[in-house]
Amino acid sequence: MFIAGLGTATPPNRYTQAECWDALVASAYLPRLSSRSQAILRKVLRGNNGICSRYLSFDDLIEAFAMTPDVLDARFAKHAPAVAARAAMHAMDRAELTPRDIDAVIISTCTGYLCPGLTSYLSERLGLRPDVLALDLAGQGCGAALPNLRSADALLAARRSENVLSVCVEVCSAAFYLDNDPGVLISACLFGDGAGAAVLSNRPRPGQRRIEWKTAASILSAEDRDYLRFEQRNGMLRNILGRQVPALAAKHAARLCVEVLARAGVSRERIAAWIMHAGGRDVLLAMQERLGLAEQDMRWSAAVLREFGNLSSPFIYFVFKAALAGGAPGGCWWMSSFGAGFSCHGALLEVE
């Protein structure tokens, strides 16, 4: 499988963490929270946590304090198809393919629910063929990009498709809100909105940088499920975010990297670029230490986290795009994501 085109997109409005704090202070909502919760919000939004800004699906930050289930559902339904379509168009343009060339579309999301799924709305917006194979994947959280890409690889290997469109889109502002639970509060301060897309083909596109998907694997650690997952309460998604997440992510990511590289006969020293999901600054630091990497190795992930926050499943597409645009050297690249489950995924790429 070859990655023929890559695209990303965000809502139009970018907000700094300082602006988010100022809006919170000006709102009538802050006094409703406990003093401990207020201190958490101040520390995360005003402190140095590796995030400077995020793109959110608000015309004005005052909209962040409308937090009923109906408002959140409507926000997802409005913005998810739009931002997904922009990312997909960028990917198809990069691959020099038209919507009629796409045989299958696979969409992953965890921040909202539509029936029919997002593939229906995206297919309509893009003008995909009526016979396109449309698959909606859910429940994989931040790690969803790699299972999505592995599904595309399976379709291509089975000769069921020639060109597959892979999309991850999250409207985190439609899933996160504020109450006195620390995990809920921290999530609301870390996550941003966006979409990533890739066009996958069995052959490299002429004139494009050759990016070949070599092999991939996943780990599912069900005994750690309760440290990172969503639950439903009062009609809204509640993010459960345990303190164990950085250590777990680093442990599983390191194990997966060792196992896959050994199976492929590739030494770690041959990895020219590290395309890593970042749940946050602490996760990046834990991965860097566990994998024995330098700060420079994590620069693409750190840069995306700084500008966009944790985008959940699309994050890995943004890091991939940053590495390509930033002139990361050719050779073997390692891509890894983790998410609800507790799940961790890794893939070996060869880039020329």
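Visitor: What makes Asn163 count as buried or exposed in this predicted model?

Guide: Asn163 has a relative accessible area of 12%. Buried means under 20%, so Asn163 is buried. Asn163 lies in strand S6, residues 163–170.

Visitor: Which residues does Asn163 touch, not counting those up to four places away in sequence?

Guide: The contacts of Asn163 are Leu97, Asp101, Ile102, Asp103, Ala104, Leu156, Leu200 and Ser201. Contact here means heavy atoms within 4.5 Å.

Visitor: Why is the pair Asp131 and Arg129 called a salt bridge?

Guide: The N to O distance between the side chains of Asp131 and Arg129 is 2.9 Å. The cut-off is within 4 Å, from a side-chain nitrogen of Lys or Arg to a carboxyl oxygen of Asp or Glu, so the pair qualifies. By this rule the count is nine salt bridges.

Visitor: Are Asp131 and Arg129 buried or exposed?

Guide: Asp131 has a relative accessible area of 55%, and exposed means over 50%, so Asp131 is exposed. Arg129 stands at 18%, and the limit for buried is under 20%, so Arg129 is buried.

Visitor: How do you know that Arg210 forms a salt bridge with Glu212?

Guide: The closest N and O atoms of Arg210 and Glu212 are 3.2 Å apart. Since the rule asks for within 4 Å, the pair counts as a salt bridge. Glu212 is buried at 16% relative accessibility, while Arg210 has a relative accessible area of 27%.

Visitor: What parts of the chain does the salt bridge between Arg210 and Glu352 tie together?

Guide: The side chains of Arg210 and Glu352 meet at 3.6 Å, N to O. Arg210 lies in the loop between strand S7 (194–201) and strand S8 (211–220), and Glu352 in the segment after strand S13 (343–351), so the pair ties together parts that are 142 residues apart in sequence. Glu352 is exposed, at 55% relative accessibility. A network of salt bridges links Arg210, Glu212, Lys214, Glu350 and Glu352.

Visitor: Why is Asp224 said to have no salt bridge?

Guide: The nearest side chain of opposite charge to Asp224 is Lys251, 4.6 Å away. A salt bridge needs a distance within 4 Å, so Asp224 has none, although it is buried. Asp224 sits in the loop between S8 and strand S9 (228–233). Leaving out residues up to four places away in sequence, Asp224 touches Leu248, His252 and Phe342.

Visitor: What is the peptide bond that joins Gly341 and Phe342?

Guide: The bond between Gly341 and Phe342 is cis, with omega about -10°. Phe342 lies in the loop between strand S12 (331–339) and S13. The peptide bond from Cys115 to Pro116 is also cis, and its omega is near 5°. Pro116 is in the loop between strand S4 (104–109) and helix H4 (118–126).

Visitor: What makes Glu96 exposed?

Guide: Glu96 has 57% relative accessibility, and exposed means over 50%, so Glu96 is exposed. Glu96 is in the loop between H3 and S4. Though not a glycine, Glu96 has a positive phi of about 60°.

Visitor: How do you know that Arg159 is exposed?

Guide: The relative accessible area of Arg159 is 57%. The limit for exposed is over 50%, so Arg159 is exposed. Arg159 has a positive phi of about 60° and is not a glycine. Arg159 lies in the loop between helix H5 (145–157) and S6.

Visitor: How many cavities of 30 Å³ or more does a search of the whole structure find?

Guide: The search finds one. The largest cavity holds about 320 Å³ of space. Of its 24 lining residues, the closest to the centre are Arg54, Phe58, Ala64, Leu178 and Ala188. By class, the lining has 20 nonpolar, two polar and two charged residues.

Key:
Residues numbered from 1 in each chain as written. Predicted model: local features only at pLDDT ≥ 70, side-chain atom pairs only at ≥ 80, totals over all residues. Heavy atoms only, no water. Buried < 20%, exposed > 50% of the residue type's maximum accessible area, 1.4 Å probe, protein only. Helix = DSSP H or I, 4+ residues; strand = E, 2+ residues; numbered from the N terminus. 1 Å grid on protein atoms, 1.4 Å probe; cavity = no way out; pocket = protein on both sides within 12 Å on 5 of 7 lines; lining within 4 Å. Points joined across faces, edges and corners; volume = space filled by probe spheres on them. Nonpolar A, V, L, I, M, F, W, Y, C, P; charged D, E, K, R; others polar. Lys, Arg positive; Asp, Glu negative; His and termini not counted.
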